[in-house]
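Please open the model in your viewer and keep the sequence panel beside it. The stops below proceed by selection, each with a note of what is found there.

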Amino acid sequence: MILTIMTQLQLELTSWAKELQSLPMLDTVFTFLMRYLLLLLAAVIVVRSAISLLRFRRQPEIWAWVTLPTGDRLPVTHWENIIGRGKRCDIQVEYPTISRTHAVLTRYDDGSWTIGDAGSKGGVMVNGQEITVAALEFGDVFTLGGVEFTLVPITQEQEIEQAERRSEQTYFVQPGLSLGFLTLFQIFLMVSLVLHKDVSHAPTIFGTFFGLIATQWGLFWLQKLAHRKGYDLEVLAFFLTTLGFSIIASSTPAELPKQLFALWLGLAVFLVVGWSLRDLERAKLVRYFATGAGLLLLTGNLVFGTEINGAKNWIYIGSLSFQPSELVKICFIFAGTSTLDRLVSKRNIVLFLLYSGAICLCLALMNDFGTALVFFVAFLVICYLRSGDFATLSLICAGTGFAGVLVLRFRPYILNRFSAWGHVWENALTTGYQQTRAMMCIAAGGLLGLGAGNGWLRYVAASDTDLVFAFIAEELGLLMALFSVLSVVCICAFIVRSAPVGRSCFHTIGACAAGTILLMQMLLNVFGTIDFLPLTGVTFPFVSNGGSSMLSSWGLLAFIKACDTRQNASFAIRLPGQRR
């Protein structure tokens, strides 16, 4: 019965596509209108999301007070706080007997508190007993270097006032309306593609785009049922995904169902990672599992991987293939993030340095230097957030540069891969073929594009992955391609605004690292296409064709979502009174 209905529906869609294509005047008028209408809808989608993400006020939340011996009170504005004399401490106390980094004060999801010694010279005492880590109740006296402090709760009036102020500071555009504009964008784009493709592909294009529309609305209502208001990050992600589907429909329509299935898997990863980040104790357990999984994936890639275009970064299982390095990005962030009580331990930082070195070594052996560069920049961001030590980072960069020189000295064929950089027009028929064609297609598309399905770049290898920015510019216009770039920039700008008021450094470091990876991938992809940088084969997040890239992009977005402290915005933060 279902098979009969599907067959009949396919015939109806094919027939409708033939009727549309039989009207040349409709084709001409529709294509002309779409060039402007699609751009207008894209502008509305991106601008509305940007306003919602960047308009909120960044006023810290107060969770308790620390009373000084003088009677003065200092606010506790995070769930994890370093107490000490250092200028970078969350709670700075100017007493000579207190170390620069003396103790870590931590709040948990259930409202309980602990205090732990951060390797201080004077030690930590709670109610007169020396401790390493101990539970702390309101009213307890804790002593740092002989100086007594008291943890005091905020009053009920202060709590109510703070909740009201948090609601006033949070500004949401109506997410349902933004999703409505995105749906119109997808429908018009879908019809435009059908008009310019073989009618035999019409059922696939229609089915996949309607599946995309149903998926985004399903996630919206799922979060609506969970009483969540923030859907701006997801709207931008689905906008980028739509551009990716358009590129695939224009180049290889038969791969659309596979990409839709990858989207579903990516959303599953998005929800699972978000669920794990709701509870820091659970996140710690997942962190250990992810750390081991990252090494296991890359080791398996070295043993069982297949080399394509000089890089051994694919594993084939029958007709299926995936890139382990894409999934390792999620594992790498879990390994790099940590709670504050662990960050002050030098042993913890050294272990992360060794782990990062092992990851980059595996990628170097696989000849995947584009991805290695993405990991290295993310590593620098994580190291800075964990230590704040520029001197150490400078030594790391110098050592990495020296290692790069050695690699080029003993493996000169790697240098040949980048020999076309800056000279693509001199080698337009050989090593510069892809980039010269990509830049010609960008010029041919102009500001508004040739129309969905009308491009020529699809005949060039890797047009829907490495050259996807040029593909968008050719068919949908340079302005549309810039909107795709602006979407990623907007997500990263939101992270920059959210990080200072993040509740936990676990969430803050994870979001900053995830944003760094997304931004680096986008920059390497775009600048590699137009020859500002070597063409490294790095994908454009959410847009490039590939299931592994789609899974990775949505998994990274979960870390960013967990850092969203706007009122009732993130599913990764439990609402007051919710159970785990």
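Predicted model: local features only at pLDDT ≥ 70, side-chain atom pairs only at ≥ 80, totals over all residues.

**Stop 1: Val76**

Select Val76 and display its surroundings. Apart from neighbours within four places in sequence, Val76 is in contact (heavy atoms within 4.5 Å) with Glu61, Ile62, Trp63, Ala64, Trp65, Val66, Asn81, Ile91, Leu105 and Trp113. Val76 belongs to strand β2, residues 73–76. Helices (H or I, at least four residues) and strands (E, at least two) are DSSP runs, numbered from the N terminus. Is Val76 buried or exposed? Its relative accessible area is 0%, so Val76 is buried; buried means under 20% relative accessible area, exposed over 50%, and partly exposed in between, with a 1.4 Å probe and protein chains only.

Residues are numbered from 1 along each chain as its sequence is written, and side-chain values use heavy atoms, with hydrogens and water left out.

**Stop 2: the whole chain**

Zoom out to the whole chain. Its secondary structure comes to 19 helices and 14 strands. Of the 580 residues, 54% are buried. Among contacts with a separation of 6 or more, 67% join residues 24 or more positions apart.

**Stop 3: Arg228**

Select Arg228, in the loop between α5 (202–225) and α6. Arg228 has a relative accessible area of 6% and therefore counts as buried.

**Stop 4**

Two packed helices are described by the angle between their axes and the distance between the axes. Axes are lines fitted to C-alpha atoms, for helices over the stretch in contact, and angles run from 0 to 180 degrees between N-to-C directions.

Select α6 (residues 232–251) and α16 (residues 468–476), whose axes come within 10 Å and cross at roughly 80°. α6 is therefore roughly perpendicular to α16. Angles under 35 degrees count as roughly parallel, over 145 as roughly antiparallel, 65 to 115 as roughly perpendicular and the rest as oblique. On the α6 side, show Leu243, Ser246, Ile247, Ser250 and Ser251; they meet Val468, Phe471, Ile472, Glu475 and Leu476 of α16. This contact of α6 with α16 has six nonpolar residues, three polar and one charged. Ala, Val, Leu, Ile, Met, Phe, Trp, Tyr, Cys and Pro count as nonpolar, Asp, Glu, Lys and Arg as charged, and the others, Gly among them, as polar.

**Stop 5: α7 and α19**

Select α7 (residues 256–277), which packs with α19 at an angle of about 30°, the axes being 8 Å apart. The two helices are therefore roughly parallel to each other. The buried residues of α7 include Leu260, Gly266 and Phe270. Their cover includes α5, α6, α8 (280–304), α9, α18 and α19.

Within α19 (residues 547–562), pick out Ser549. Its relative accessibility is 3%, so Ser549 counts as buried. Beyond residues up to four places away in sequence, Ser549 touches Glu326 and Thr539.

**Stop 6: α9 and α18**

Which angle do the axes of α9 and α18 make? Select α9 (residues 324–336) and α18 (residues 505–529): their axes come within 9 Å and cross at roughly 150°. α9 is therefore roughly antiparallel to α18. Display Glu326, Lys329, Ile333, Phe334 and Gly336 of α9 with Phe506, Ile509, Gly510, Ala513, Ala514, Ile517 and Gln521 of α18, the residues that make the contact. By class, this contact of α9 with α18 has seven nonpolar, three polar and two charged residues.

Finish with α18 by itself. Of its 25 residues, 22 are buried. After α18 comes Asp531, whose phi is positive, near 70°.
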